[in-house]
Every structure is written in structure tokens, then in C-alpha cells.
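User: I have a structure open and would like to talk through some of its side chains and pairings with you. Could you take my questions as they come?

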Amino acid sequence: MTRMVEITRIGVLSLGKIFGILYAFFGLVIGALMSLVFVFSGAMMGDTGGIMGFVFGAGAIITLPLFYGIMGFLSGILMAIPYNMIADWIGGLEVEIETKE
């Protein structure tokens, strides 16, 4: 049985937490790819480049998920607030759900 429901309000902190975790995961993936690039390019540069590539690669895996997570959290908050105002004005997002018995 399917029915239409309307999302009229979104919890501001709830969406912030969801976006924060999703963006942190994306940051981890991008950081891992950047880490590989830094390590391989550093290895081609010789002794000093290899150490610098390792340092920047490790830094990318640590800093990018943190940065992306914080930015995702703030983005979620900044998206939920106007959504709630607009949903009050023109109605919420319609979603079709199916209940299983």
C-alpha cells in the first residue's frame, strides 16, 4: 500500500548531522585519492619529495574529512532553515511511501 506524505519541517541539527557525516565520508574518499597522488608524485621526486609526499598525503586523509564534515554540518543547517520557511509558505516536499504488512 502506497500513500503520499508531506515533509513539512526538517530538524535543523538533524540535517546538519546527516550532512556532516556524509560530507566527512566524501572528504575521506577525496583525501585518500589525494594521498595516493601525493605519495606517488613525491616518490618520483626523490628522497625529500617522498617524505613530503607522505606528510601531505597523511595530512589530506586527516584534514579533508574534518573540513568536509564541518562544512557539511554547516551546509545542512543552512539548508534546513530556508526549507522550513519555504515549506510553511508553499507546502513541503511530497514523498511517496510504501508500508509493508
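User: Let's start with Tyr-68: buried, partly exposed or exposed?

Analyst: Tyr-68 counts as partly exposed, since its relative accessibility is 25%, and please keep in mind throughout that this is a predicted model.

User: How many aromatic pairs turn up in the whole structure?

Analyst: Searching the whole structure gives four aromatic pairs. One of them is formed by Tyr-23 and Phe-26, whose ring centres are 6.5 Å apart and whose planes meet at 55°, so this pair is classed as tilted.

User: Which residues do the ring pairs link into a cluster?

Analyst: The cluster linked by ring pairs consists of Phe-19, Tyr-23, Phe-25 and Phe-26.

User: Switching to charges, how many salt bridges are there?

Analyst: The count comes to one salt bridge, in which the side chains of Arg-9 and Asp-88 meet at 3.3 Å, taken from N to O. Arg-9 is in the loop between strand S1 (2-7) and H1, while Asp-88 is in helix H2 (residues 47-90), so the pair ties together parts of the chain that are 79 residues apart in sequence.

User: Is Arg-9 buried or exposed, and what is its value?

Analyst: Arg-9 counts as exposed, because its relative accessibility is 51%, which is to be read against a cut-off of over 50% for that class. Asp-88, the partner in the salt bridge, is exposed as well, with a relative accessible area of 57%.

User: Which residues does Asn-84 contact, leaving its sequence neighbours aside?

Analyst: Once neighbours within four places in sequence are left aside, Asn-84 is in contact with Thr-8, Arg-9, Ile-10 and Val-12. Asn-84 lies in helix H2 and is buried, with a relative accessible area of 4%, whereas Arg-9, one of its contacts, is exposed.

User: What about Ser-35, where is that?

Analyst: Ser-35 is placed in helix H1, which covers residues 12-45, and it counts as buried at 11% relative accessibility. Not counting residues up to four places away in sequence, Ser-35 touches Gly-57, Ala-58 and Ile-61.

User: On to the strands, how do S1 and S2 run?

Analyst: S1 and S2 run antiparallel and are joined by six bridges; within this pairing, Ile-7 has Leu-93 in S2 as its bridge partner.

User: How many residues of S2 are buried?

Analyst: The count is zero among the six residues of strand S2 (residues 93-98), which is hardly covered.

User: And Arg-3, which residues are its contacts beyond the close neighbours in sequence?

Analyst: With neighbours within four places in sequence set aside, Arg-3 is in contact with Val-95, Glu-96, Ile-97 and Thr-99. Arg-3 lies in strand S1 and is partly exposed, with a relative accessible area of 44%.

User: What separates the C-alpha atoms of Arg-3 and Glu-96?

Analyst: Those C-alpha atoms are separated by 5.6 Å, although Arg-3 and Glu-96 are 93 residues apart along the chain.

Terms used
Residues numbered from 1 in each chain as written. Predicted model: local features only at pLDDT ≥ 70, side-chain atom pairs only at ≥ 80, totals over all residues. Heavy atoms only, no water. Helix = DSSP H or I, 4+ residues; strand = E, 2+ residues; numbered from the N terminus. Buried < 20%, exposed > 50% of the residue type's maximum accessible area, 1.4 Å probe, protein only. Contact = heavy atoms within 4.5 Å. Salt bridge = Lys/Arg side-chain N within 4 Å of Asp/Glu carboxyl O. Phe/Tyr/Trp six-rings, centres within 6.5 Å; stacked < 30°, edge-to-face > 60°. Pairing = 2+ DSSP bridges.
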